[in-house]
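I opened my notebook to look through this structure piece by piece. Here is what I looked up, entry by entry.

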Amino acid sequence: MESKDLFTSLGSIIASGMFLWAMFQQYFPYEIRHNIEKYSQRLVSFFYPYVQITFNEFTGDRFMRSEAYSAIENYLSSKSSTQAKRLKADIIKNSNQSLVLSMDDHEEVADEFQGIKLWWSSGKHISKSQVFSFYPATDEKRYYKLTFHKRHRDLILGPYLVSVLKEGREIKVRNRMRKLYTNNGSNWVHVLFEHPATFQTLAMEPAEKKEIIDDLIAFSKSEDFYARIGRAWKRGYLLYGPPGTGKSTMIAAMANLLGYDLYDLELTAVKDNTELRKLLIETSSKSIIVIEDIDCSLDLTGQRRKKKEKKEDEGNDKDPRQKLGKEERETNNSQVTLSGLLNFIDGLWSACGGERLIVFTTNYIEKLDPALIRKGRMDKHIELSHCSYEAFKVLAKNYLSIESHNLFDKIGELLGEAKMTPADVAEHLMPKTFPADIEFSLRSLNQALELAKEEARRVKVDDKEANENESLGKEEAKEEEK
Ligand SMILES: Nc1ncnc2c1ncn2[C@@H]1O[C@H](COP(=O)(O)OP(=O)(O)OP(=O)(O)O)[C@@H](O)[C@H]1O
Ligand SMILES: [Mg+2]
């Protein structure tokens, strides 16, 4: 028998003794009773050197489940599945529909922290009114009880409980259903986020991919680092490249890698900076805030575009159709400004909650205001470009489950000359029959690449001719001038 069990039995004997005392207490005057209780408590704690802490499922507010209780439940789930004899099982509705096990009522599991042994037990109180009810007891109050030796009090109450709550919360985040939020005007609405993209299925150069994954994981683990250097725990990414190169796919892969929620912010639907601030304050920690096509969603080019529009409008005022277009544009126009957006990235609010990634995407990096993309705001710039041979191999593995084929070399060579996006390559590799006709898919891609190469060559010749004609024209003009 373990020493803790021995003490537990001793404790029960003493408790029984106390019960007997209680039976007689009505015959004793209050002072004597009080003294007896006081000394018996001391006696119990003298013989019973363990400390017990109870974590109730509901504290205070009956409808709010205690955060500590659910963190402990998650923390204990892996220990319960290996140690407890009776378990409770539940399905968590995340993308994997995983089964989560926890210990049933009145079970006990042991844990160890820095060589110290401690015990967690589960139990429930049933409120008196429910005990004799014919209906299922709904007023059950569950709790976890932690027992440890009193000489470890400081260590357990400090570092151990902190680590339990932290790990429990992390498990909860990993298991929870993640959400994709979109802004409907000034409110967020959400659906379950179930995008299957992962970095494994993302087609890009392996070294570059590894660098991004390492960067993301380092960010997610660097709470203490950001606190130490006095910066808000956030990081900005700018993804740029032509359409169909995998920018949106990479964002989904980021969310899946880190287990973060996604906030897809449609800036054109935000009325002004105040509304923007409200939306951003409502975002939760462990999330990615995405603004796609940043060059299209905001008048980031400042005065330039305004002037251009004004000029256009001056000329068009007489045409009623054009006028309608102008009015529409004005009503759709968001009043969010570049400085409002910069405030959102650097502002004080961004420190609330922490652990946020901010991702902008654009097809035209050169169109963006330098203030927006300077280092510190957008910490990492990632270019997603045309499909390379390495990227093609990932796609071939994803779509056709092949890692080599005699057409691979030819396709690799053509990819170097013809510019094709991963989206186009994927379209050719997508099986058109079941089971997939590998030969057909690769040949179709090969053919498309030949055509693209020919087209690229023709464009090059046309450009060259145009340049030659231009310089010839200039020379002729000079001659004429002479
Ligand atoms: N690098 C890639 N790896 C895997 N699949 C890709 C990649 N790039 C594109 N795809 C495929 O092409 C489709 C379009 O890609 P995606 O939407 O990510 O492009 P994008 O860069 O966001 O384009 P846009 O600039 O138009 O928003 C995706 O559904 C995906 O299946
Ligand atoms: Mg996209």
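**Entry 1: a strand pair.** I am working with a predicted model. I began with S4 and strand S5, which covers residues 116-126. The two pair in the antiparallel sense, over six bridges. I then looked up which residue of S5 stands opposite Glu108. Ser121 does.

**Entry 2: the sheet around it.** I reminded myself that strands of a sheet pair through backbone hydrogen bonds, either parallel or antiparallel. Next I traced the sheet itself. It is open, has four strands, and its order is S1-S6-S5-S4. The pairing is antiparallel. Which strands stand at the edges? I found strand S1 (50-56) at one edge and strand S4 (108-113) at the other. Each has a single partner strand, so one side of each is left without a neighbour in the sheet.

**Entry 3: two loop residues.** I turned to phi angles. Most residues other than glycine have a negative phi, and most peptide bonds are trans. I noted His106, which is not a glycine but has a positive phi of about 60°. I placed His106 in the loop between strand S3 (99-103) and S4. Is His106 buried or exposed? It has 10 C-beta neighbours inside 10 Å, so it counts as exposed. The cut-off for exposed is 12 or fewer.

I then noted Gln114, with a positive phi near 45°. Gln114 sits in the loop between S4 and S5. I found 9 C-beta neighbours inside 10 Å, so Gln114 counts as exposed.

Entry 4: I moved on to strand S7 (residues 179-184) and its pairing with S8. They run antiparallel and are joined by six bridges. I looked up the bridge partner of Leu180 in S8 and found Val191. The hairpin of S7 and S8 has two residues between the strands. Gly185 in this hairpin takes a positive phi near 65°. How many of the six residues of strand S8 (residues 187-192) are buried? The number is zero, so S8 lies largely in the open.

**Entry 5: two helices.** I compared helix H16 (residues 408-417) with helix H18 (residues 438-481). Their axes come within 9 Å and cross at roughly 30°. That angle makes H16 roughly parallel to H18. The cut-off here is under 35 degrees. I noted that the crossing is left-handed. H16 brings Lys410, Ile411, Leu414, Leu415 and Glu417 to the contact. From H18 I listed several residues, among them Leu442, Leu445, Leu449 and Lys453. The residues of this contact divide into seven nonpolar, one polar and four charged.

**Entry 6: a cis bond.** I checked the peptide bond from Phe434 to Pro435. It is cis, with omega near -5°. I placed Pro435 in the loop between helix H17 (422-429) and H18.

**Entry 7: the whole chain.** Last, I looked up some totals. The protein chain has 18 helices and 13 strands. Of its 482 residues, 22% count as buried. I also looked at contacts between residues at least 6 apart in sequence. Of these, 73% join residues at least 24 apart.

Key
Residues are numbered from 1 along each chain as its sequence is written. Chains are lettered from A and ligands numbered from 1 in the order in which they are written. This is a predicted model: local features need pLDDT of at least 70, side-chain atom pairs count only at pLDDT 80 or more; totals for chains, interfaces and linings use all residues. Two strands pair if DSSP finds at least two bridges between them. A residue is buried if 20 or more other C-beta atoms lie within 10 Å of its own, exposed if 12 or fewer, and partly exposed in between; C-beta atoms are placed from the backbone. Two residues are in contact if their C-beta atoms, placed from the backbone, lie within 7 Å. Axes are lines fitted to C-alpha atoms, for helices over the stretch in contact, and angles run from 0 to 180 degrees between N-to-C directions. Angles under 35 degrees count as roughly parallel, over 145 as roughly antiparallel, 65 to 115 as roughly perpendicular and the rest as oblique. A crossing is left-handed if the near helix is turned anticlockwise from the far one by less than a right angle, and right-handed if clockwise. Ala, Val, Leu, Ile, Met, Phe, Trp, Tyr, Cys and Pro count as nonpolar, Asp, Glu, Lys and Arg as charged, and the others, Gly among them, as polar.
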